[in-house]
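Please read the following points alongside the sequence and the model.

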Amino acid sequence: MIRVMNDWAKSLDQNMAVHIIYLDFMKAFDKVSHEYLIHKLENVGIHQKILYWIQDFLNGRSQSVTYNNHTSSSTAVASGVPQGSVIGPASFVSFINDLPDGVSSKLYMFADDTKLYKNIVNDMNCQQLQHDIDNLVTWSTKWCLMFNPVKCRIMTLGHSSPVSD
C-alpha cells in the first residue's frame, strides 16, 4: 500500500492524472478450478509428488448445508481452495500469479483484491489502460475466475481529462 500511495503522490506532484481500476474476483476462493490449479502448478515446476499431495488434498471433498436443524444432501466440491487451511491462500496466490503478465500498467494484488493503475497524460495512455483491462477480462474468462462487476470501481486522481496529442 505504501508503494502504491508513493507512486500516486509522485504522479500528482508531476501534474499527471492517475486512473485506478479496483477489481475484485467473484467468490474468488470458491471458484478456483482444481484442474486449472494443478495445471498451473505443474507448469511452474512443482514436483510431481507434491502435485499428487495437493490433488489428494483437494479431491474427494463434499459439502452440505444445515439450516434450522435440517441438513441438505452432500454434494461433491469441484472447485475452490479450502479457506482456513495453510494450503488455501498459497494455492490461490499460485493460481492468480500470472495475472500481471498481460498488462503494461502497474498492477498490485492482495488476496482477491487487485488494483490496476496508469498515469494518464494523453489518449494513448487511456487506450493502453483499456487494453490492459481487456487482457484481465480475457484472463479471467480463460481461467474461469470472473471479476465481480458490482465490486469493481474506477477512481481518478488529478486532472480527469488527458491532454490530446
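1. A disulfide is counted here as a pair of cysteine sulfur atoms within 2.5 Å. The model is a predicted one, in which local features need pLDDT of at least 70 and side-chain atom pairs count only at pLDDT 80 or more, whereas totals for chains, interfaces and linings use all residues. Residues are numbered from 1 along each chain as its sequence is written, and side-chain values use heavy atoms, with hydrogens and water left out.

2. Searching the whole structure gives 0 disulfides. The sulfur of Cys 126 lies 19 Å from the closest cysteine sulfur, that of Cys 152, which is too far for a bond. Cys 144 is in no disulfide either, the nearest cysteine sulfur, in Cys 152, being 17 Å away.

3. Accessibility is described by relative accessible area: buried is under 20%, exposed is over 50%, and partly exposed is in between (1.4 Å probe, protein chains only). Cys 126, at 25%, is partly exposed, and Cys 144, at 42%, is partly exposed.

4. Cys 144 has a positive phi near 55° although it is not glycine. Cys 144 sits in the loop between helix H6 (123-142) and strand S8 (153-157); helices (H or I, at least four residues) and strands (E, at least two) are DSSP runs numbered from the N terminus.

5. Asn 15, also not glycine, has a positive phi near 60°. Asn 15 belongs to the loop between helix H1 (2-13) and strand S1 (17-24), and its relative accessibility of 63% makes it exposed.

6. In H3, Tyr 36, Leu 37, Lys 40 and Leu 41 meet Ser 91, Ser 94 and Phe 95 of H5, contact meaning heavy atoms within 4.5 Å.
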